Amino acid sequence: MRLLSGDARRAVFAPLDDGSGRSEAVARRLGSAIALGIIVDGEQLPSESHLAALLNVSTVTLRDALADLRARGLVDTRRGRGGGSFVRASEDALTELSLGRLREIGSTELRELGDIRAAVGGTAARLAADRATASEIARLREILDRLAAVDEGTRQRRIESRYYIDVAAAAQSVRLTLQEIELQAELGQLLWGTPRTAAELAATIASHRQVVDAIESRDGALARQLTETHIGEVTARLIDVHLDLTRRGQQRPGADTAVLPHAAAGAGS
């Protein structure tokens, strides 16, 4: 069952701002959409000519981007009749994306990304309170119900990232949705390796449900406040995890977060 509105998918395939289009920008957008489950595992991408036209880039640029995604294990290209480029969202590839980013990022950048994420997420929640349709609000509740029913940690994180993206989509803004996708890909995925208890997950879901309630009641100020507060708390916890990992000299933090029970506790998305 698709959990995202059409607006989120349209944002993925919207033209890049720069008509010249670097292949890195194309790979980052498509890779983020794959990692977050907007483009689902096994899905066939549009033909090269069609996809290049959608993104407003040359076919050469697109082919370079697809080659990058293939090297990362996120896309498989088949030749011949019935061929094309297909999404291959392996857990190993997704985990490596997350671990690689956490290895290289600094605490100052984490804090700044958290500030931007709070600004974008808070604004999206406020606008969603003004613009979201009844079906979009119902979809947000469906996402949270799905989140509550999932046991596996990585799937929880992906669904939670998609909740934020769908709030932005409900704000009826392609730019906000694209910004949220990029932020979730850059910051949200860093949380995928951090464990949390069932009680911590329940508290996170309850916080998100309060935001959806505020959106449904058309209280944009409250929706924004709740969102910004939650993201601020999550960012602070993530910085704690990063600093603890740095002090311990961990090379693969996501694989060893079990040694960080206090720092990682409650690190929701």
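Helix α2 is followed by Gly 37, whose phi is positive, near 80°. Helices (H or I, at least four residues) and strands (E, at least two) are DSSP runs numbered from the N terminus. The model is predicted: local features need pLDDT of at least 70, side-chain atom pairs count only at pLDDT 80 or more, and totals for chains, interfaces and linings use all residues. Residues are numbered from 1 along each chain as its sequence is written, and side-chain values use heavy atoms, with hydrogens and water left out.

**Overall make-up**

- The protein chain has 12 helices and two strands.
- Read from the N terminus, its elements run α-α-α-α-β-β-α-α-α-α-α-α-α-α.
- Of the 269 residues in the protein chain, 52% are buried; buried means under 20% relative accessible area, exposed over 50%, and partly exposed in between (1.4 Å probe, protein chains only).
- Among contacts (heavy atoms within 4.5 Å) between residues at least 6 apart in sequence, 74% join residues at least 24 apart.

**Helix α2**

- Helix α2 covers residues 23-35, and its 13 residues should span 18 Å at 1.5 Å a residue; the end C-alpha atoms are 18 Å apart, which agrees. The expected span is 1.5 Å times one less than the number of residues.
- Because 11 of the 13 residues of α2 are buried, the helix is largely enclosed by the rest of the structure.
- The buried residues of α2 are Ser 23, Ala 25, Val 26, Ala 27, Arg 29, Leu 30, Gly 31, Ser 32, Ala 33, Ile 34 and Ala 35.

**Packing of α2 with α4**

- Two packed helices are described by the angle between their axes and the distance between the axes.
- For α2 and α4 (residues 59-71), the angle is about 50° and the axes are 8 Å apart. Axes are lines fitted to C-alpha atoms, for helices over the stretch in contact, and angles run from 0 to 180 degrees between N-to-C directions.
- The two helices α2 and α4 are therefore oblique to each other; angles under 35 degrees count as roughly parallel, over 145 as roughly antiparallel, 65 to 115 as roughly perpendicular, and the rest as oblique.
- The crossing of α2 and α4 is right-handed. A crossing is right-handed if the near helix is turned clockwise from the far one by less than a right angle, and left-handed if anticlockwise.
- From α2, Ser 23, Val 26, Ala 27, Leu 30 and Gly 31 meet Thr 61, Leu 62, Asp 64, Ala 65, Asp 68 and Leu 69 of α4.
- The residues of this contact are six nonpolar, three polar and two charged. Ala, Val, Leu, Ile, Met, Phe, Trp, Tyr, Cys and Pro count as nonpolar, Asp, Glu, Lys and Arg as charged, and the others, Gly among them, as polar.

- In α8, 16 of the 18 residues are buried, and the helix is mostly covered.
- The end C-alpha atoms of α8 are 26 Å apart, in agreement with the 26 Å that its 18 residues should span at 1.5 Å a residue.
- The crossing of α6 and α8 is left-handed.
- Arg 117, Ala 124, Ala 125, Ala 128 and Arg 131 in α6 meet Tyr 164, Val 167, Ala 168 and Ala 170 in α8.
- By class, that contact has seven nonpolar, no polar and two charged residues.

**Asp 41**

- Asp 41 lies in the loop between α2 and α3 (48-55), and it counts as exposed at 54% relative accessibility.
- Leaving out residues up to four places away in sequence, Asp 41 touches Val 87, Arg 88 and Ala 89.
- Asp 41 and Ala 89 are 48 residues apart in sequence, and their C-alpha atoms are 5.3 Å apart in space.
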